Amino acid sequence: MLQFPIEMSMPWILTDHILKTKEPSMMEYVLYPLDLYNDSAHYALTVFRKQFLYDEVEAEVNLCFDQFVYKLSEQIFAHYKQLAAR
């Protein structure tokens, strides 16, 4: 089955950008782009009334969230590793 690449997903692009820039003032907003998936899923069920569309949104958000947790944990580990090396 062919899946939409995560690199082309606007919420993921925004989230990844925040993680890559490591801008402290932006970190508090890192989960806001992922809320777009919530809105999309709600729209898929209530307006379009299409379960398969909802399932696609759910699969994409699961993938994005896994990537988010992985990248965030890498950054946290690197930060504390650097602190311990001092």
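Reply: Val47 sits in the loop between H3 and H4; helices here are DSSP runs of H or I with at least four residues, strands are runs of E with at least two, and both are numbered from the N terminus. At 44% relative accessibility, Val47 counts as partly exposed, where buried means under 20% relative accessible area, exposed means over 50%, and partly exposed is in between (1.4 Å probe, protein chains only). Val47 and Phe77 are 30 residues apart in sequence and, C-alpha to C-alpha, 42 Å apart in space.

This is a predicted model, in which local features need pLDDT of at least 70 and side-chain atom pairs count only at pLDDT 80 or more, while totals for chains, interfaces and linings use all residues. Residues are numbered from 1 along each chain as its sequence is written, and side-chain values use heavy atoms, with hydrogens and water left out.

Arg49 also lies in the loop between helix H3 (35-46) and H4. Arg49 has a positive phi of about 55° although it is not a glycine. Most residues other than glycine have a negative phi. With a relative accessibility of 67%, Arg49 counts as exposed.

A positive phi of about 55° is also found at Lys22, again not a glycine. Lys22 belongs to the loop between H1 and helix H2 (24-27). Its relative accessibility of 53% makes Lys22 count as exposed.

Glu56 is partly exposed, at a relative accessible area of 39%. From Glu56 to Ala41 the sequence separation is 15 residues, and the C-alpha to C-alpha distance is 8.8 Å.

Helix H4 (residues 51-85) also meets helix H1 (residues 10-21): their axes come within 11 Å and cross at roughly 0°. Such axes are lines fitted to C-alpha atoms, for helices over the stretch in contact, and angles run from 0 to 180 degrees between N-to-C directions. H1 and H4 are therefore roughly parallel to each other, since angles under 35 degrees count as roughly parallel, over 145 as roughly antiparallel, 65 to 115 as roughly perpendicular and the rest as oblique. On H1 the contact is made by Trp12, Thr15, Asp16, Leu19 and Lys20, and on H4 by Cys64, Gln67, Phe68, Lys71, Leu72 and Gln75; contact means heavy atoms within 4.5 Å. Five of these contact residues are nonpolar, three polar and three charged. Ala, Val, Leu, Ile, Met, Phe, Trp, Tyr, Cys and Pro count as nonpolar, Asp, Glu, Lys and Arg as charged, and the others, Gly among them, as polar.

Leu14 is in helix H1 as well. Leu14 is partly exposed, with a relative accessible area of 38%. Leu14 and Pro33 are 19 residues apart in sequence, with 6.3 Å between their C-alpha atoms.

As for the whole protein chain, there are four helices and zero strands, and the elements run α-α-α-α from the N terminus on. The C-alpha trace spans about 55 × 30 × 15 Å along its principal axes. Of the 86 residues, 21% count as buried. Among contacts between residues at least 6 apart in sequence, 59% join residues at least 24 apart.
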